[in-house]
Amino acid sequence: MTLSILIPAKSFAQGKSRLSQVLGPRHRAALCRQLLGHVLAVARDAGLDAITYVVSACPEVRGFATERGARVLTEREPGHVPALMAAMQALPADRPVLILSADLPMLAAADLRAMVQEPADVVIATDREGQGTNALLLKRPGLIPLRFGPGSCAAHVGEAGRAGHRVSILRRPGLADDVDLAEHLQIFSVGA
């Protein structure tokens, strides 16, 4: 069954604002473009039966994604979770969906294959601290309410448990190492 990969992306100009103390606007935009390009390439080349979608309010991001073979969904609701919930309504209801962060410089095809091979209804790939959610696989769109934000791993586990779904938590460097803070740039330069 075809997997839907859903990647939310802010505008390149607005992304990575927490890095503004160490990177200027032009460099942050270039970083966002490079990170999204990498994630799209891995999704395309992972050898999965998948369709990749990018959800964004930004025409530049949507054009960038289209040039790289992804389908685009225009962000209909502001905010990360509302945008994803609205986007999932446009996906096939009978297919699994993998929500994937756009800022994973170490992401590899094996990471995506590991996500889909987990025998669970909900698969959570945590960040390096084990607190956040950098990737979330749902057996079907809308299976649980999305709880991205601080403590999202535990929140997603709680939602799955309340609904009686099997949960698996993955800890893999390619999925855990995102770029949000200045110290994360060292990881990115190693993976670049």
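Trainee: What share of the contacts in the protein with a separation of 6 or more comes from residues 24 or more positions apart?

Mentor: Keep in mind that this is a predicted model. Residues 24 or more positions apart account for 66% of those contacts in the protein, while buried residues make up 51% of its 192 residues. The accessible surface comes to about 8,900 Å², and carbon and sulfur atoms hold 52% of that area.

Trainee: How many helices and strands are there in the protein, and in what order do the elements run?

Mentor: There are seven helices and seven strands, and from the N terminus on they run β-α-β-α-β-α-β-α-β-β-α-β-α-α.

Trainee: In what order do the strands stand in the sheet, and which of them are at the edges?

Mentor: The seven strands form an open sheet with mixed pairing, in the order 3-2-1-4-6-5-7. Strand 3 (71-74) and strand 7 (167-170) have a single partner strand each, so one side of each is left without a neighbour in the sheet. On average, neighbouring strands of this sheet are turned by 20 degrees against each other, direction ignored.

Trainee: Which helices pack on the sheet, and what do they touch?

Mentor: Helix 2 (residues 59-67) touches strand 2 (50-56) and strand 3, its direction making about 160 degrees with that of strand 3. Helix 3 (residues 80-88) lies across strands 1, 2, 3, 4 and 6, and runs at about 150 degrees to strand 1 (3-8).

Trainee: How do strand 5 and strand 6 run relative to each other, parallel or antiparallel?

Mentor: Strand 5 (residues 122-126) and strand 6 (residues 133-138) run antiparallel and are joined by five bridges; in one of the pairs, isoleucine 124 has leucine 136 of strand 6 as its bridge partner.

Trainee: Which residues of helix 5 are buried, and what do they pack against?

Mentor: An α-helix has 3.6 residues a turn, so residues three or four places apart point the same way. In helix 5 (residues 152-163), the buried residues are Ser152, Cys153, His156, Gly158, Glu159 and Ala160, and they pack against strand 5, strand 6 and strand 7. Glycine 164, which follows helix 5, has a positive phi near 80 degrees.

Trainee: Is aspartate 177 buried or exposed?

Mentor: Aspartate 177 counts as buried because its relative accessibility is 16%, under the 20% cut-off. This residue lies in the loop between helix 6 (173-176) and helix 7 (184-191), and its side chain makes a polar contact with the side chain of arginine 128 (3.4 Å).

How values were computed
Residues numbered from 1 in each chain as written. Predicted model: local features only at pLDDT ≥ 70, side-chain atom pairs only at ≥ 80, totals over all residues. Heavy atoms only, no water. Helix = DSSP H or I, 4+ residues; strand = E, 2+ residues; numbered from the N terminus. Buried < 20%, exposed > 50% of the residue type's maximum accessible area, 1.4 Å probe, protein only. Polar contact = N/O pair within 3.5 Å; in protein donor to acceptor, adjacent residues only side chain to side chain. Contact = heavy atoms within 4.5 Å. Areas by Shrake-Rupley, 256 points an atom, 1.4 Å probe, with all protein chains shown as cover. Pairing = 2+ DSSP bridges. Axes fitted to C-alpha atoms, helices over the stretch in contact; angles between N-to-C directions. Expected span 1.5 Å × (residues − 1).
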